Structures are given as structure tokens and as C-alpha cells.
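Visitor: Could we walk through this one together, starting with the terms I will need?

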Amino acid sequence: MGTVITTHRGMDLDALGAVVGLKRLYPEATVVLPSAKGEEVSKLLEENPELLEFVNEEDFKEEVTRLIVADTDSLSRIPETLKKRLLEGVEVKVYDHHSGSTDIPGAELNFKEAGSTTSIVALLLKGKGLTPSPLEASAMLAGIYSDTGSFRYPSTSPLDFLAAAYLMSVGANISFVKKYLPAELSETEIDVLKVLKDNLRVVEVEGNRIGITFARFDRHVGEVAHLVSRLLEALRLPALFAAVEVGGTTFLIGRSRTPKVDAAAALAELGGGGHHEAASATLKGVTAFEALERLEEALRHSVEPLKVVKDIMTSPPITVSADVTVEEARKLLMKNSINAAPVVDSAGTFLGVVTRALLDKAIYMGLGGEPVSSVMDREYETVEPEAPLSAVEELLVLKGQSFVPVVKEGRPVGVVTRTDLLNNLYREELHRLSTFYSKRLSSEPKFRNVKHLLKKALPRELYSLIERIGEVAQELGLNAYLVGGFVRDLVIGRKNFDIDIVVEGDAVTFAKEVAKRLRAKVHTFERFKTATLVFPEGLRIDLASARTELYRSPGALPEVDTAPLKKDLMRRDFTINTLAVKINPSEFGRLIDFFGGLRDIKERKIRVLHSLSFVEDPTRILRALRFATRYRFELGRHTERLLKMAVERKLFKTVEGQRIYHELKQILLEENPLRVFLKLDRYGVLAELFPGLRWNREKKDLFERVRKSVIWHKLNFPKLSPDTDYHLVYLLALFWGEPENRIKEYLAALTLPEKEERELLSLLKRARELLPHLESADRNSTYLSLLESAPEELLIFLSAVSPPEVSEKVREVATRLRYIKPLVSGNDIKALGLKPGPVFSELLRRVKYAVADGELPPDSREEQLAYLKELVDAVKERNNP
């Protein structure tokens, strides 16, 4: 026995593709495969036994003189039985795309930067004139598709495209590839994904936000790595690591989208391997929690710092011209509420620094009329924007400078103060206190200025816009504040770009001035003293005058009058929504909390501000239960008592149906509406809104199936999601099985917009009509003919309400069948002798259905054209008997 080809444990399609290619390169070699194989690999080998002759590792007993290793550079990942044979004298060759080094003793590394190892091997075969068979080429192409995410992953390189093109040219079959690539998510995978999402927390390592999650299962749940990749894409985090524990073994999976976090380097410390963007490690006899502890330690060693001086500096800096007087310089510092500033010459070049203490002393000594250049400190040390934070730490902490000018090419571009440094140093602690993923906020929030949180949470353009609006307010002598849900979510740590600004003054006049200065469009609403600014980039900001509201009767719309900020906040629904942040430059970022909103966030409570809150506006009941569910808060005891009283007094009858529907729609757009509906049922709200509605176990189960279908749709069709009315799908579930006359009564009471009501009734009717036909269908073409024109909302609902086997077919229509495109066209029909007419679309449809049923190959124009000719001939014969 001489040469052996092998690969890593848990081998994936890329590893298989590389092994197939290497077997062609080393035809005399014996292939030894690890026992642990990915589900797709096992399926491909089982269904194509002629592809590869191999021996499982436990059955291999022979000697080895040369070992060929595919798709791993790590000694710990190759089969144990081969690892033991790596004695002196064994020649080792490694073919890999993960990194440029290997820990296998004496190995010769064949490495290229590519999205897959199969690409490297395929191009080696091409260079040596060794042509794989069509089956081998198809298996290799599947490996490239798998490891490049169908050429979507950032690691994809030009080599991958070249290799794929070569394999296609020698007979690789795309249909074969599609068959073995992971399909749309199964219900089990959706459940696993949900567990990973629910257990997610975000940590900061060297300034990098890294997602860490875990899952524990008693049995094997299939391949999880692609779910981690999907979760990373959905969350848009820079990096994500997951620990999945199955039967005493923990699998660590790392994915990264940033050069600062090297997944392979992090997991290498735990015996794993991979490449920069994707890596894994296997830890036997280690729990998920122990694995995560080791992982966090490894991350601290391997992650590069995210931030340098320019990332925390205040920019642009306020500067003092060298030729102004000491008195003028002092006024400038006082006006801007700063204690020091760089001094520059007429060309903007940095000359030195003045401080308020230095200027006060100069004025005391009678030098108020002298130029600043005569008293400034010329010995101040500066740093460059790209310098490490340790450079400013040394100047501020060890050398005692009050601030550090940041200078580039001789000009000051920013300053770093002790406050900037402290905010950066303690950001991780503040994040721990405020993060949305924390299970508990364990102590009173210790911040009263949230400028750093604003910088962190907002896109730079939006942050700058808010700063400029604050500057305009200050110039006009007004106070301006961020208020409402944005501030609440800022403190909790939840992303929210819905910006509301309140001004103590005339918001309409203020909005017009802001629009003029910042080149925005403005829409005003004089009655409510509000306005909306629309900026060229598409950003929208709502402005309102600080105001009071007087309710003349329960459920009525309020009468509005201007008031100070505190009275404006007093009219809000719950204490957690009463927080405000001042945006005037003099106090930018100051957090204002009149009513204990921070305390209630800490205690995870929903509390109303006064006892008539639900009487004034009963729709607040729906909001209270929605917020309690979303944030996993509880109702305060007094608030719960008031809510029950309002429901008992049937106060919803005092509210316009349209306002109730608006709140109901917000509930249906939540991540899990069922949880909210369970609370609505518990407090008797559901019975008040929908008298006679059957809210039984069957309907609750349908809601849960709809939730999973919605998740499936969002993951598989991200481009369609923004235009899909997911709330209508839940309404379909809510009204499913209800008598038609009762449904119309519900809709009349809610006064839905006419278009939505028509659409909902149409979807209900179509679902009722289609379901029995779908349940009796036995061909793909039948499903396709029934569903190819169905709107997304109907497809989602039918996939939830149908039996499992029908649901699977509905999803197949949505993901594959409706996108089939025949390789023939109307021009072919004309060439076959028919004149254009309605029959053209029918003939092309029949070709499409034949492809869907597997009667015609999707990639053979020749066979499709032959079938089309048969159809055309039949039409001709019918027309000319």
C-alpha cells in the first residue's frame, strides 16, 4: 500500500469535490474517508456509488508511504487512523484554500487564495490535461458552489469562476449540483435557526461587535454551518460564532465578514481550522458553555483592534485663529462650552493650544488685548489620526494633557478629550447594561449623556443630520430633543432609525427653516403643530412642538396646545417612552428622564403615567401588550389593574376602528404575533375586538406555522420581503374557518383601507378554492398551474395551512418551479411555421410544465425544441385536418 487520499472529519461537498479531483490526479491512490460526513455528502455518495471508490477510516488497516490531504491544513482534523501513521518517512501533500500554513509535520502545502479547494484541484487537472468524467465534474462543481455560497461569499475569487467554467465545459451538470446543494430551510432548520437567534448575545472585543450564540440538542439535527452563515447575513454583524452541542460533543462554527476578525485564527487555538471567513472546531466531552468560555479567551488573543485615534476623536475641532485677541479667544471657548482649543495660523496650520485657565490668567494680568499667539502653549504634543489609542492614553493619563490635538499634514482634524477616552474605555460596560440581548439589566444605568451611544447606533449621515438640526435650533434660540421610541430603543440596545424630534417652540416654522438650510422637502400639519422633513438621501425626520393634549371624551382625538418639554413627555403612553435626548450643541446627548423611564427599563416594567391613560386612549392597551411581548417586560401591577378595568368597561367601542386596526397591524408585524395574541386573549381583548372568534388550539397552531412560513419567506426571498404584506398573512390565519358574514363584520368594524380589505377577502377566497385542488394534485405542473400567478402572501399562507406534503410542493413552486424558463421562445414557434397568436403562450407553457414534471431536461434546448415541434405539428394538424 502506498498513496492515500483523505480529508477532514465532517467532510462537506467541497472536500468531496477536491478528493474526486485528486483521485484523478493520483489514480493509484486509495481514498480513505472519515466516518463523519455531511448530510449532502452522504446522500451524493449513496446515490452515485460509481463516482468514487473509497474505504471508511475504521476499515483501513494498511501502511501509508504518501498521504494526500484535501481541504484542511490542520493535523487535528484528519482521521485518527491516518494521523497515527504519520511517522518519519511518510510524504505528505496538502491541498487547501484556508490559510498559507499547516501544522502537519513535514507537509508540502499546495495553497491558493480561493473560495474552495475544489477550484484549485480542478485547475490543476486542466493544466495537466486530465479531464474528469461528467459525473466527476458535476460533483466537483457542487463542491465549488457549496463553499462559495453559489459565488456569493466574500471569499469567492476569480479562480472559482475559472474552475467552474472549466468543469462546465467538460460536462458538469447544473441540475446535479442543485440536487445536492442545501435546499430551502426545513422546519427543523428553521427551529434550529430560531434557537441560535434567541440565544444570541453581542460582545465587544477590541472594539469589534461579535455575535456569540449556542444551541444544545440530544440528537443530530443535520448540518448547522449554513444556518450560521444565514444568521450572520440576516443580522449583518461583522462576525458570528456558534457553539452547537450534540450528545457530549460541541461543534464551534465561526463566520466573519471583517478583516479584523479572523475566524480561522480564533478557532485554531481550539484545535480547529478553516479560513479567514469560515472556520470550525470540534471539542469532544466539552459543553457548549465551556466551549464559549474558551472561544472568548481565544478571541481576545486573535482579534485585531477595530479603533484608532480617528475613531474616537471629536471632529472637526473648534480652532482659534492665532491673530485674535485673548479676550475674543476666551469668548469663543465659552460660547462653545469647551475648555481648550488648538491655535492655527491663517493657512490652518497647527501652532499650539490655549486653555480657558490660561486665557483667564492672561486677562487677569491685563493681556486681554494681546494676540493669542503671544500666550498660547507651543509645547503641546499631538497625534495622527491613524495612531493607536495607547498614544492618546499616554498623553492624557501619564503626561497630564487636558486634551490631545489630532493633526494630519500639519492641520488639526480633531481632538481627543479625557471624556472621549473614558467613553471608549467604558463602552463595553455600557453595552452590557443596555444591550437588547441581555436577559437582565442588572443595575441602574450609570449614564446621563448618550452621545457615544448615538454615534454607535446611528449611521454617520443620520448622526450628522441630527447634529446640524440641533445647531439650527440653538441658533434660533430653541431647545430640540430626540424623543419617543428611538430613545427607548437606544437605551435598550435595539436598532431603530425612526427619528422624532420635539422642539420647545413652533415646530412648523422651525421645520421650514431647517428645510431651507439643509435642502430638504417639508410637509407641515398645522393642526397638530407637526412637520416631516424629507432629505435628498431619502431620510425622513418627524418634528413636533412640545405640546399638551386634552381629551374631551374617552377614545376621542386630542386637542393640542404648546407646552414645555416635561408636559409634552407627560402625555406619552408609558414611562419607557418618556425619555428624551437634547441635541443642541451645548448639551448634545444629554439624557432627560422626568418619569423614571430608565428605572422601568431596568426593572423590565410597562407602566402608564396616570390612571386615565387607557380611558383617554384604549388603543394603548394594544401597545402595552405589544411592548411587553417584544421586550419581554411585565405590566406594572397598577397598570395591569387599569388595563383590566378598561377592557371590562368595553372602552374599545369608543375608538374609531381605523385606529384599532393601525395598532393591530403593528402587532401582526412583530417577530412573533402569536405571543401578543395570547396576551390579548388572556386579558379578554381578543373577545372584545372579535366577538365570536374561534381562538382555539388549531388556530394557535396555524399562527405558529404562519410564523415559520414568514421566516422561511424572508430568508429565501429577501428582495421580495419589503413589498410583501406579512400582516395580511396573519389576518388570513386569524379569519381562517370563520363564517364569511362574521369576517365582513370584523372588517367593517376595523374600517380597513378599501384596497387592503379587497385584497384580504380575495386572498381568503382563493385560499379556500385552491386548497382542495392542491391536496388532490399529483404532478408538479398541476401545482405550478394553480400557483404560478399567486401573490407572495397567498403562497406563504398556503405553505402554512396545507398538509406537510402539500406545503413542501407549495414551497417548491415558490423557490424553483415558478422560475423555470424554457430554452425555446416565440421565435422558435414562428420558425416552425405558426403565425403569432394566443396559442404561442399556451405552447410555451406546456414546454415549461413538461420541464417541471421532469419530462424534459431544463438544460437541453435540443430536447425542448423537439417537443415544441411535436406540439406545433399537432396544432397544424388540428387547424388543417
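Guide: A salt bridge here is a side-chain nitrogen of Lys or Arg within 4 Å of a carboxyl oxygen of Asp or Glu, and please keep in mind that we are looking at a predicted model.

Visitor: What does the side chain of Arg77 make a polar contact with?

Guide: The partner is the side chain of Ser280, at 3.2 Å, and leaving aside residues up to four places away in sequence, Arg77 also touches others, including Thr7, His8, Arg9 and Thr72.

Visitor: New topic: what is the strand order in the open sheet of 3 strands?

Guide: The order is β13-β14-β15, and the pairing is mixed. Because β13 (320-321) and β15 (350-355) each have a single partner strand, they stand at the edges, and one side of each is left without a neighbour in the sheet.

Visitor: How many bridges join β14 and β15?

Guide: There are 5 bridges, in the antiparallel sense, between β15 and β14, which covers residues 340-344; Ala341 stands opposite Val354 in β15.

Visitor: Now helices: how many residues does α30 have?

Guide: Helix α30 (697-716) has 20 residues, and from its first C-alpha to its last it reaches 29 Å, close to the 28 Å expected.

Visitor: Which of its residues are buried, and what covers them?

Guide: Among the buried residues of α30 are Leu702, Phe703, Val706 and Trp712, and the cover over the buried residues of α30 includes α8 (187-198), α28 (673-682) and α31 (726-735).

Key. Residues numbered from 1 in each chain as written. Predicted model: local features only at pLDDT ≥ 70, side-chain atom pairs only at ≥ 80, totals over all residues. Heavy atoms only, no water. Helix = DSSP H or I, 4+ residues; strand = E, 2+ residues; numbered from the N terminus. Expected span 1.5 Å × (residues − 1). Buried < 20%, exposed > 50% of the residue type's maximum accessible area, 1.4 Å probe, protein only. Contact = heavy atoms within 4.5 Å. Pairing = 2+ DSSP bridges. Polar contact = N/O pair within 3.5 Å; in protein donor to acceptor, adjacent residues only side chain to side chain.
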